[in-house]
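User: I am new to this structure. Please show me how to read its features.

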Amino acid sequence: MPEEDHLFPAETTQRQIARELYRHARDLPLISPHGHVDPALLAGDQPFPDPARLFVVPDHYVTRMLASQGIPPARLGVPSIDGTEVESDGRAIWRLLAANWHLFRGTPSRLWTEKVFAEVFGIDQPLNAKTADEIYDELSARLAEPQYRPRALFTRFNIEVLATTESPIDDLSAHAKLAADGWGGPGGRVITTFRPDNLVDLEWAGWRDRVATLGELTGIDVGTYSGFLSALRARRQAFIEAGATSSDHGHPTAATLLLDEAEASVLYRKALGGGTDEQDAEIFRAHMLVEFARMSLDDGLVMQLHPGSVRNHNKALHARHGRDVGGDIPSATEYVRSLQPLLDLYGDDPRLRLVLYTLDETVFTRELAPLAGGYAAVYLGAPWWFLDSPEGLRRFRETVTETAGFYNTSGFVDDTRAFCSIPARHDVARRIDAGFLARLVAEGRLPLDEAAETIADLAYHLPKKVFRLNNEEEQA
C-alpha cells in the first residue's frame, strides 16, 4: 500500500474516499489540550539529549514492554530511587532497544516511533541490531542542529496550542519564562493545566507536606478545610493567569459525593492528623470532585476526569523506580452511579464542561456515550493510554457515534510526554477518522461534504471549542 494510504481501509472505494477526506484535516494546526510534555523543555530550548534519553528512558510504553520480557528498567537508564545501579551509556541503551525492536511489532509504540524517525528525522531504514549504531549516529547528528531544538520543532510541527500539566504547588516558573520571552511559537501558545491529584489523594505519600507547601505558596492558612479550599482557588487563578483553560483529575474511580461543610471539615482535620483510612481517602477524593466542579462554574476551567488506573501495581517496580514508569494497570470502571451526585447538581449547567475518559472500553457504549448524549455538560474524551492505538481509536468511533454522535466528543487528545511523537499521534487519529467517515460515505449514510466538515471539526475545531481555546467562543 502506498505511504499516502497508510492506515486507510483496504477496500478500494473506502480508501479513495478516506484519501480525499484526509486532505481536509492533514494540514490543520495541532491542538494538544492535554499532555505531559515538560514545559522546561521549551522554556530552556536546549538541544535534546542523546537518542536513548529522547526515545527510551522517559517512555514508559517502551520500558514497560521491555520489562515484560525480563529487561529491567535500570538497564534502560530509568533513574532509580533505591540505589540500584542504572545504565548511563546512551549507545548501550539504544543497542538494547534495537536488539529487541521485534517485541514492538503491531504496537502503537512502533508505529509512532517509526513515523517520528521518518517524518521528523528523515530516517527510513528499519531499526535492528545491525542498524542500531548507524541510526543512533544519524539521530545524534540531527539533534545537534538548531532546527531540531524544541522551539524550532514546535513551529515545524504546526502546534497551535500545547497544554502541559502541573501540580497546584508547581511554581509555574517554566511558563513564566515562556511568557517573559514572549514565546509560544509563531501563532502558537503553551499553556498549563491544573492537576490537583497530589493534594486530594490522602493515600499519596507526603500529602500533609504538600498541603503545607500549598499554604506557604498562597499565604493562606490551610489548617482549616475552608482555608484549604481558598488556597486551591487561589492557585487555580494563578494557573488561569498562566493560560490554563482546564483542570485534570486522575482518580482511581469516578466516584463523586457531596459532603456538607461540617462533614468535610471533620474529614479534613482527621487527614491532617494522619488518622484516615482507605475509605476516608475515597470519600475525600469523591467529595473534592464535586468541589472542583463547583469551582469550575465560577472560574470556567474545563474539568477532565481520568479514572480507572490501578497505580503502581508492580510493587517491585514502584519501590525501585517510583511513580510513572509503567507499573500501572487498567481496571473496570463504573460511571453512571458514580457520577450521579455531581450530575444531579451540575450536569445541565452550561457553565460546566466535564470531559470523561476511560481505560475500560466496555463502558463506551453502555455508559459513557449515553451520558454524553444525555447531559449538556458531558463530553467524551479520546481513547486514552492503553486505548490510543489505531484499533482503539477505530473502536471508539464505532461504539460511541451511534449514541453520542461526533459533537459530544472532544476531538483528539495525545496525552503524551514524548514531544517528538505529537505530530505522529495526531496524524494517526486523523487517518483513522478519515477511514471511519469514508465508510459512512460509501454506505450512503453521510454526504461527502458533511464528512469533510466533520473530519476538520474532529481534528481542530472541536478541541478548540470544548477546551475553551477558541477566543471567539470564549467571548460568546
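Analyst: Start with contact: it means heavy atoms within 4.5 Å. Helices (H or I, at least four residues) and strands (E, at least two) are DSSP runs, numbered from the N terminus. This is a predicted model: local features need pLDDT of at least 70, side-chain atom pairs count only at pLDDT 80 or more, and totals for chains, interfaces and linings use all residues. Residues are numbered from 1 along each chain as its sequence is written, and side-chain values use heavy atoms, with hydrogens and water left out.

User: What do the buried residues of α1 pack against?

Analyst: They pack against α19 (422-442) and α20 (448-466). Buried means under 20% relative accessible area, exposed over 50%, partly exposed in between (1.4 Å probe, protein chains only). In α1 (residues 12-22), the buried residues are Gln14, Arg15, Ile17, Ala18, Leu21 and Tyr22. Down the helix axis they fall within an arc of 165°, so they line one face. That arc is taken from the directions from the helix axis to the C-beta atoms.

User: Is valine 161 buried or exposed?

Analyst: Valine 161 is buried, at 1% relative accessible area. It sits in strand β2 (residues 159-163). Not counting residues up to four places away in sequence, valine 161 touches Leu30, Ile31, Ser32, Arg189, Ile191 and Leu469.

User: Which residues touch the most other members of the largest nonpolar core?

Analyst: A nonpolar core is a set of buried Ala, Val, Leu, Ile, Met, Phe, Trp, Tyr and Cys residues joined through side-chain atoms within 4.5 Å. Here the largest has 55 residues, and Phe228, Leu232, Phe284 and Met288 touch the most other members. Helix α14 (residues 278-299) gives the largest share, 9 residues.
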